[in-house]
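Please read the following briefing alongside the sequence and the structure.

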Amino acid sequence: MKTHTLEPGDLDAVYDLWGRAFGPSPGRDDAWALRAMGEDRFLGIRDGGRLIAVGHYHPFEQWWHGRAVPMGGVGGVCVAPEDRGRGVGRRLAAGLLELMDGRPLSALYPATAPVYRSVGYEHAGAQYRLTLPPAPLRTLAAGPVEVRRAGPADVGEVTALLRRLHAGARHHGPIDPGEDQVRGFLQDESLYSYLAADGFLAYGWDEGREHLAVRRCVAGSAATARALWAVVGSGSSIARTVRANVAPDDPMLWLLHDRSEDEVRRVGWMLRVLDAPAAIAARGFPAAVSVDVPLLVEDELRPANAGGWRLTVREGRGRLERAAERSDATRLPARGLAALYAGVPMATLRGAGIVTGNAGADPLLDAAFAGTPFMLDYF
C-alpha cells in the first residue's frame, strides 16, 4: 500500500469511494475538490493501482477562549468497503496528521472514534442542534435595533463581525471558516441573511416549509439577540419547529419565556494537538489564572510533543517550555492532552484512566482550560 497526495486525475475515483461510503451525492463540487488537491490537502492510499482510501482537511481557524488557533478540519475520510478491517483507516488518519504539519490543532466529526483515538484524537466538544416550537420566538420584540438584509457585498463586514463576536465572548470551539464560507452563506439563495451593528443571522427553510433552520445567529448584546431571533420568530407562523445550531449557553435560551418543549441533539467532535507548544501559545486563557506545573506527554506519532514540559499561564497567555522529566508531573497521552486543551475536567480524565501522575495541579489545570467547546458548523 502507498500513501500519497491526490491529483485531479483521481477525482472520479474519490467520488466513487465517497458514494460507496456515504451514499449517493446530490451533486459534485469539482471546483472545491480540485482546489484542495492543488493545495495538497487531499490524501489517498493505493493498493496496487487501486485507490482504496481517501481523506482531506479544511484550513480553518478555531476559537479557544477568544483567540483563533490554526486548525485542520478533517473530513471525507473513507475506506473502500472491501478493504475495511485491514488497518487502512488508521494508516490514513496517521498520514493526515503528517499532511497537516504546521497547524497546531486538528478536529473532526468521527464516524468511528476508536480509529481516531488510536492516533491521538479525543472527544472534545459538540455541535448543539436545538429544536423548539416557534411560539416562544414569536414573543420576542425586535426593539430599536436596526437590522438589514445582508448580501455578498457584505462578506468582509460579516467576517470581521463574527471574529469580533467570538473573541469578545471568549468562545471555545467555533471555527472561523474565512471569507469563502461566509460568502457561501451570503450567496446561498436558500438562506436569508441579516446584519446588525453587532450581530449576524442566516436561516432558511428545512424540509419544504415545515421547519425553519437557523445556520448562524450570533449577537453581541441582548437587544441585538432579541432583534435577530424576532426576525426568525416573525416568519415562523406556518413552521412546525425551529431548528438552530447554537452554543450550549446561548443567551437566546435565557431570553425565551418558555423552554419547556425544547430538545437538544448533541453531535460530538474530536480534537488532536499536533504541535503542543504552538497550540498552547496560540490559545487564550482566563486572565486571572496563574499556573506553573510540570507535564509529561506521551505521543508516539508526534515525537516533538513527547517528553517533559513546563506549562506556565499568566495574564491570559500560555507557554510550554522544554523541561526535564519529573516524578511529580501530570502524565498525559496525546489524547489526554487534547482533552485537557478542550477543557475536559481532570477528574473526568483520571476517572477514565486517561491521565495519571501527580494530581496536585488538577485544580489549576481545570481553572486554566475550563470551557464548554462547541461548533456551529458541520464539515
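**Strand pairing and packing**

In β3, H56 is the bridge partner of F42. The model is predicted: local features need pLDDT of at least 70 and side-chain atom pairs count only at pLDDT 80 or more, while totals for chains, interfaces and linings use all residues. Residues are numbered from 1 along each chain as its sequence is written, and side-chain values use heavy atoms, with hydrogens and water left out.

**Strand β3**
- Strands are DSSP runs of E with at least two residues, and helices are runs of H or I with at least four, numbered from the N terminus.
- Strands pair if DSSP finds at least two bridges between them.
- β3 (residues 50–64) pairs with β2 (residues 42–47) in the antiparallel sense over six bridges.
- Antiparallel to β3 runs β4 (residues 67–79), joined to it by 11 bridges.
- β8 (residues 172–176) is also antiparallel to β3, with three bridges.
- In β3, 12 of 15 residues are buried (under 20% relative accessible area, 1.4 Å probe, protein chains only).

**Nonpolar cores**
- A nonpolar core is a set of buried Ala, Val, Leu, Ile, Met, Phe, Trp, Tyr and Cys residues joined through side-chain atoms within 4.5 Å.
- The largest has 45 residues, of which L105, L271, L311, Y341 and F369 touch the most other members.
- Its largest share, five residues, comes from α10.
- A second, separate core of 24 residues includes L140 and Y203.

**Helix α12**
- D362, L365, A368 and F369 are buried in α12 (residues 362–369).
- These residues lie on the same side of α12, because they cover an arc of only 130° around the axis (from directions to the C-beta atoms).

Methods:
Buried means under 20% relative accessible area, exposed over 50%, partly exposed in between (1.4 Å probe, protein chains only).
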